[in-house]
Amino acid sequence: MRSFFIVALLAVIALSSAFAPAPTFGVVSTAASSTSLEACRVNAKKEKRQRNRDNMRKFQKRGKTSRKKMMRKVASSEMRQLENEFIAKCFTTVVEEAAVQKK
């Protein structure tokens with residue numbers, strides 16, 4: 001009988017603490033903390049991007065142009081030269097025709 005009374009008393013205490021309101025004094029709400037954590041994560045990502053950018057500049061190879069870039073520059077300069085020659089020929093033929101028509 002005595003053990004039954006102890007078990008019943010423990011059950012009543014457990015049920016009363018389960019339905020009691022939780023104290024709000026000194027407890028931070030979860031919504032505010034998750035927002036601050038997200039902001040912290042965003043700031044950390046921004047800082048990491050900046051560190052990576054600085055590191056990339058630090059270890060960047062300088063002065064060496066790749067073969068592909070060099071070949072592009074050569075091809076573009078050749079095309080520019082051909083175009084300039086063509087434009088020069090166009091204007092010289094126009095000038096020669098004008099001189100022939102004046103005679």
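1. Let me start with the surface: Phe5, Ile6, Leu9, Leu10 and Ile13 make a nonpolar patch of about 510 Å². Patches here are built from residues with over 30% relative accessible area and no salt bridge; nonpolar side chains (Val, Leu, Ile, Met, Phe, Trp, Tyr) are joined within 5 Å, like charges within 9 Å. Areas come from the Shrake-Rupley method with a 1.4 Å probe, and for residues only the protein chains shown count as cover. Ile6 sits in helix α1, residues 2-18, and is partly exposed at a relative accessible area of 44%. The scale is: buried under 20%, exposed over 50%, partly exposed in between (1.4 Å probe, protein chains only).

2. A word on the model before going on. It is a predicted one, so local features need pLDDT of at least 70 and side-chain atom pairs count only at pLDDT 80 or more, while totals for chains, interfaces and linings use all residues. Residues are numbered from 1 along each chain as its sequence is written, and side-chain values use heavy atoms, with hydrogens and water left out.

3. Now the overall layout. The chain has 3 helices and 0 strands, in the order α-α-α along the sequence. Helices (H or I, at least four residues) and strands (E, at least two) are DSSP runs numbered from the N terminus. Of the 103 residues, 0% count as buried. The chain exposes about 10,600 Å², with carbon and sulfur atoms supplying 64% of that area.

4. On charge, please look at Lys45, Lys46, Arg49 and Arg53, which form a positive surface patch. Lys and Arg count as positive and Asp and Glu as negative, leaving out His and the chain ends; a charge is placed at NZ of Lys, CZ of Arg, CG of Asp or CD of Glu. Arg53 belongs to helix α2, residues 30-58, and is partly exposed at 37% relative accessible area.

5. How many salt bridges does the rule give? The count is 1, where a salt bridge is a side-chain nitrogen of Lys or Arg within 4 Å of a carboxyl oxygen of Asp or Glu. Arg57 pairs with Asp54, their closest N and O atoms being 3.4 Å apart. The two are 3 residues apart in helix α2, so about one helical turn separates them. Arg57 is partly exposed at 43% relative accessibility, and Asp54 is partly exposed at 39%.

6. Lastly, the cysteines. The structure holds 0 disulfides, a disulfide being a pair of cysteine sulfur atoms within 2.5 Å. Cys40 is partly exposed at 48% relative accessible area, and Cys90 is partly exposed at 30%.
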